[in-house]
Amino acid sequence: MNTYILYGITIALLIISFVKDKKKTKMALKKSWKAFENIMPQILGVIMLVGILLAILNPEVISKIIGKESGIFGVIIASIVGSITLIPGFVAFPTAAMLVENGAGYMQIGAFISALMMVGIITMPVEMKYFGKRLTLLRNAFAFLFTFIVAFIIGKVVG
Amino acid sequence: MKGFLKRYRFFLLTILITGALFIINGAIGIRALTVTAYSFKEMLVVLPPIFILLGLLDVWVPRELMVRYMGEDSKMKGIILAFLLGSAAAGPLYGAFPVAAVLMKKGAKFSNILIFIGAWSTTKIPMFLFEVSSLGAKFAVTRLLVDIPGIIIIAYLVCAIIPKEEVEKIYKNIEIM
């Protein structure tokens, strides 16, 4: 659904651009291709790495380590697991709901979901290519610490 | 050839690891490839429009406009725009970086770039709706309310810690990419 909107907007803008200025549109597409080609090696590596990690860390394994009684330790583990995995949202949320049903705590799930989205250890090669090592590490470190704040507040409000 | 090997060494390494997984445990190897195939499909579907949009953005949006709305003196306007741009996005986090690069090329302020990336990673609107339906409104709204100030605080903290010269270096590096 979302993808259709994205394509609709892109195609509409591309047509408008083409009608207004053919040369500029050609230049835009050239730039698109260059940017795409530039980051391709990193993205391909990241995609393979996601496969490797999710094959090892499947939902059953994750749900075992972040159970309800796991406490602060479970929150830490949940943050770490969330940081190193990269699961698309539409898989992650149902998975999280399933984990809650199986006895995972909301606090742990809050940490897991936050880390999953904000901390990207696997995507670091892509991020570093644009922003360099230091900034990438710093941003991810702060995001990682932030997941504990989110977990704590969610634990208070929801759990 | 040597250039190819150097550029793709990370990718080649992951292929080797997947191969090793197959040898150690065939079932896990197959699972790895299934997930990879899925992510690859996602990439093929989502990335082309994102890159076309950023090409169009690069060509059509004049630098002055970007500076005015997201540049050094954009203040609240820039923060809100960075949030909206990131939240309206689709696709995985690695799609955010090339878009951020174009925004930077056009003169967007660095803290706004960090907010944009934060928003792309966490406050995406379609994802929020999905979160409400899976984990409940209380969970999703609480997370959103904590995340919005969190993203802004992290952006400003990172900006405060990273020296100016390094930020300039990052901008220069993106210019030549």
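Q: Is Phe73(A) buried or exposed?

A: This is a predicted model. Burial is read from relative accessibility, and over 50% counts as exposed. Phe73(A) has 58% relative accessibility, so Phe73(A) counts as exposed. Phe73(A) belongs to helix α4 of chain A, residues 71–84.

Q: What is the secondary structure of chain B?

A: Start with the count, then the order. Chain B has 10 helices and zero strands. Its pattern along the sequence reads α-α-α-α-α-α-α-α-α-α. The C-alpha atoms of chain B fill a box of roughly 55 × 50 × 35 Å along the principal axes.

Q: Which domains are assigned in chain B?

A: The assignment gives domain 1 at residues 1–46 and domain 2 at residues 61–176. Between the centres of these two domains of chain B there are 30 Å, taken over C-alpha atoms.

Q: How many residues does chain B have, and what percentage of them count as buried?

A: Chain B has 177 residues, and 49% of them count as buried. Contact range is another reading of the chain. Take the contacts in chain B between residues at least 6 apart in sequence: 74% of these join residues at least 24 apart.

Q: Which residue just after α6(B) takes a positive phi?

A: That residue is Gly107(B), with a phi of about 100°.

Q: How do helices α8 and α9 of chain B pack?

A: Two packed helices are described by the angle between their axes and the distance between the axes. For α8(B), residues 125–135, and α9(B), the angle is about 140° and the axes lie 7 Å apart. That angle makes α8(B) oblique to α9(B). By class, their contact has eight nonpolar, no polar and two charged residues.

Q: Which residues of α8(B) meet α9(B)?

A: They are Phe128(B), Glu131(B), Val132(B) and Leu135(B). Residues they meet in α9(B) include Phe139(B), Val141(B), Arg143(B) and Leu144(B).

Q: Is Thr142(B) buried or exposed?

A: Under 20% relative accessibility counts as buried. Thr142(B) is at 10%, so Thr142(B) counts as buried. Its place is in α9(B), residues 137–161.

Q: What does Thr142(B) touch, leaving out residues up to four places away in sequence?

A: Thr142(B) touches Ile153(A), Ile154(A), Val157(A) and Val158(A), together with Ala137(B). The Thr142(B) side chain also reaches the backbone oxygen of Lys138(B) at 2.5 Å.

Q: Where does Asn38(A) lie?

A: Asn38(A) is in helix α2 of chain A, residues 22–56. The Asn38(A) side chain makes a polar contact with the side chain of Lys129(A), at 2.8 Å. Beyond four places in sequence, Asn38(A) touches Lys129(A), Arg7(B) and Met177(B).

Definitions and conventions:
Residues are numbered from 1 along each chain as its sequence is written. Chains are lettered from A and ligands numbered from 1 in the order in which they are written. This is a predicted model: local features need pLDDT of at least 70, side-chain atom pairs count only at pLDDT 80 or more; totals for chains, interfaces and linings use all residues. Side-chain values use heavy atoms; hydrogens and water are left out. Domain bounds come from an automatic or database domain assignment. Helices (H or I, at least four residues) and strands (E, at least two) are DSSP runs, numbered from the N terminus. Buried means under 20% relative accessible area, exposed over 50%, partly exposed in between (1.4 Å probe, protein chains only). A polar contact is a pair of N or O atoms within 3.5 Å; within protein, one must be able to donate a hydrogen and the other to accept it, and residues adjacent in sequence count only if both atoms are side-chain atoms. Contact means heavy atoms within 4.5 Å. Axes are lines fitted to C-alpha atoms, for helices over the stretch in contact, and angles run from 0 to 180 degrees between N-to-C directions. Angles under 35 degrees count as roughly parallel, over 145 as roughly antiparallel, 65 to 115 as roughly perpendicular and the rest as oblique. Ala, Val, Leu, Ile, Met, Phe, Trp, Tyr, Cys and Pro count as nonpolar, Asp, Glu, Lys and Arg as charged, and the others, Gly among them, as polar.
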